[in-house]
Amino acid sequence: MGSGQHQVGKVVIVGGGTAGWMTAVALSRMLGGTGLSITLVESAAIGTVGVGEATLPQIRHFNRRLGLDEREMMARTAATIKLGIEFRDWGKVGDRYIHPFGKHGETLGQADFIHYWARANAAGNAAPVGEYSVPIMAAWQGRFEPPRDGDDRQPYDYAFQFDAGLYAAWLADLAQGDGVARREGRIVDVRQDGETGDVTAIVLESGKVIEGDLFVDCSGFRSLLIGDVFETPFEDWSHWLPCNRAFAVPCANGGDNGPYTRATAREAGWQWRIPLQHRIGNGLVYCDAFWDDETARSILMDNLESEAGSDPRPLRFRTGRRRSLWHSNCVAIGLSGGFLEPLESTSIDLIQSGILNLVDLFPTDRIQEADRREYNRLMDLEFARIRDFLVLHYVANQREGEFWRAMREMKLPDSLEAKIADFRSRAMLPDYSEGLFQAPSWISVFLGQNIVPEGWDPRAGDLSDEDLAVRLAKVRERVVQHAKAMPEHLAWIRKAGAGFQATSARR
Ligand SMILES: Cc1cc2nc3c(=O)[nH]c(=O)nc-3n(C[C@H](O)[C@H](O)[C@H](O)COP(=O)(O)OP(=O)(O)OC[C@H]3O[C@@H](n4cnc5c(N)ncnc54)[C@H](O)[C@@H]3O)c2cc1C
């Protein structure tokens with residue numbers, strides 16, 4: 001017999017961090033009508049990673065599909081709005097740019113805006129590309145309002161920055177309200193079918209046995225099933241993304257809650273700043289080959305803008321992913337399946353993709369090899385695209401120092417080398433039909449890291465130099481006026497009824 005030879009009626013989710021509870025709510029809401037029984041097992045003694053506070057706009061689409069109320073989520077998780085990520089000192093010390101959630105510019109003719117911009121820029125007639133972006137100009141002014149319906153001239157989107165612990169607690173409330181059973185206890189044993197190798201049950205320290213047909217491994221870095229039980233190979237990407245440690249610490253909120261995340265490059269890593277309604281999340285990601293822990297810890301603490309709310313918490317990780325995220329009757333979602341460092345806030349998004357792909361391929365009867373293969377293919381693609389995008393930030397640097405020199409000199413993935421060459425020669429961009437990091441993201445980081453196009457699409461020659469300069473100036477003026485007319489970010493949150501309301505969670 002192959003694996004998955006019986007119908008899937010019972011799902012067991014192993015772990016109750018962000019991944020576990022997102023999976024629980026999603027499966028209960030999207031597959032609830034199929035009579036599926038869902039049990040989630042977590043251990044308070046083991047706890048969760050508890051970081052992961054910045055998200056991507058895809059979370060809004062996920063919320064909508066699940067019928068989750070955005071403003072209630074903001075109120076329960078002390079969330080702020082995120083219009084993008086500001087990168088400081090990443091190209092050269094003193095450089096500053098925002099990777100926004102939205103397009104630059106407007107349609108000017110046959111070619112995409114970036115080609116007109118590249119042409120004007122080469123002639124010295126263009127402002128920095130960020131000045132043609134509504135979310136960037138709004139972020140820098142600390143302003144926000146949701147995109148206006150029907151205004152697709154300068155489309156943009158937004159995401160959230162929230163307290164990860166409160167988010168998981170809110171989802172736990174919702175999932176249990178939907179009928180998901182929660183079991184508390186440490187998993188000490190895993191039972192497998194002697195013939196197929198499928199997991200048949202997990203055993204808790206108390207002796208309780210929990211049986212299932214499909215197991216979702218959300219056990220975090222411990223990787224209890226996909227790693228420990230199935231030993232699926234881990235593809236290590238630390239030669240491309242060598243940062244492997246972090247310290248995280250909150251500090252008091254000084255009132256500057258700009259609607260964006262900040263990532264500041266440091267001598268052997270980078271520091272994040274994520275403003276929430278009730279505090280600011282900070283952390284330093286670094287590579288232990290270049291800094292010892294004490295150096296990293298003091299750099300973080302010396303660079304806080306206000307008093308620390310606790311001692312800094314150390315975290316260790318290895319960049320890469322499991323080759324098969326769906327193996328036998330086990331699907332790994334979250335950190336158990338892999339981790340790419342948090343520079344572009346991609347982990348929660350990978351959790352969402354894992355969940356949505358699982359729902360799309362959910363066995364109607366028995367688990368099929370074809371479903372597993374397709375799931376693994378889709379997730380591979382997602383991981384590899386994110387990897388290339390992250391590596392770009394590091395490789396295209398002009399900074400001094402051993403760490404940054406090593407990053408500049410690394411051998412790139414072939415796929416990334418081609419993308420850089422295409423952009424430099426003629427402003428050509430990756431054209432993904434779906435998935436993360438579409439053209440506007442690549443534009444921001446290429447230009448932000450000082451990779452400037454030397455050529456462009458010849459169709460961008462359909463305006464005279466004078467017309468182009470006038471049109472660009474008008475676009476820029478419209479962008480500036482649009483951002484200026486928005487309310488101040490925190491004022492918008494209060495008015496929207498999304499101000500933080502601390503409540504006691506059920507679990
Ligand atoms: C430094 C850092 C910064 C990050 N920043 C971001 C960010 O800004 N944005 C973003 O999207 N993501 C970020 N992430 C990633 C994010 O934190 C995770 O993707 C997210 O929290 C999901 O974690 P998880 O649920 O997979 O694992 P965990 O939170 O570790 O949960 C694991 C669960 O498994 C349970 N468990 C484990 N072993 C057992 C056992 N034997 N018995 C019973 N239960 C068990 C635990 O109790 C827990 O409930 C960051 C990660 C790191 C390390």
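Begin by selecting strands E12, E18 and E21, which form an open three-stranded sheet in that order with antiparallel pairing. Here strands are DSSP runs of type E with at least two residues, helices are runs of H or I with at least four, and both are numbered from the N terminus; two strands pair if DSSP finds at least two bridges between them. The model is predicted: local features need pLDDT of at least 70, side-chain atom pairs count only at pLDDT 80 or more, and totals for chains, interfaces and linings use all residues. Residues are numbered from 1 along each chain as its sequence is written, and side-chain values use heavy atoms, with hydrogens and water left out.

The edges of the sheet are E12 (234-236) and E21 (338-339), each pairing on one side only. Next, display E18 (residues 320-322), which is joined to E21 by two bridges in the antiparallel sense. Within this pairing, Arg321 stands opposite Gly338 of E21.

Now colour the protein by domain, using bounds from an automatic or database domain assignment. Domain 1 covers 10-50 + 163-234 + 319-369, domain 2 covers 80-159 + 385-490, and domain 3 covers 245-316. Keep domain 1 and domain 3 in view; their C-alpha centres lie 29 Å apart. Eight residues of domain 1 and nine residues of domain 3 make the contact (heavy atoms within 4.5 Å).

Between these two domains about 600 Å² is buried, and carbon and sulfur atoms give 57% of that area. Buried area is the accessible area (1.4 Å probe) that two parts lose on being put together, summed over both. Select Val49, Asp163 and Leu343: they supply 56% of the area that domain 1 buries against domain 3, more than any other three residues.

Stay on Asp163, whose side chain meets that of Arg279 in a salt bridge (3.2 Å, N to O). The criterion is a side-chain nitrogen of Lys or Arg within 4 Å of a carboxyl oxygen of Asp or Glu. One salt bridge is found across the interface of domain 1 and domain 3.

Finally, widen the view to the whole structure, where the search finds 31 salt bridges. Among them, select Arg60 and Asp157, whose side chains meet at 2.6 Å, N to O. Arg60 lies in helix H2 (residues 58-66) and Asp157 in the loop between helix H5 (134-141) and strand E6 (159-161), so this pair ties together parts that are 97 residues apart in sequence.
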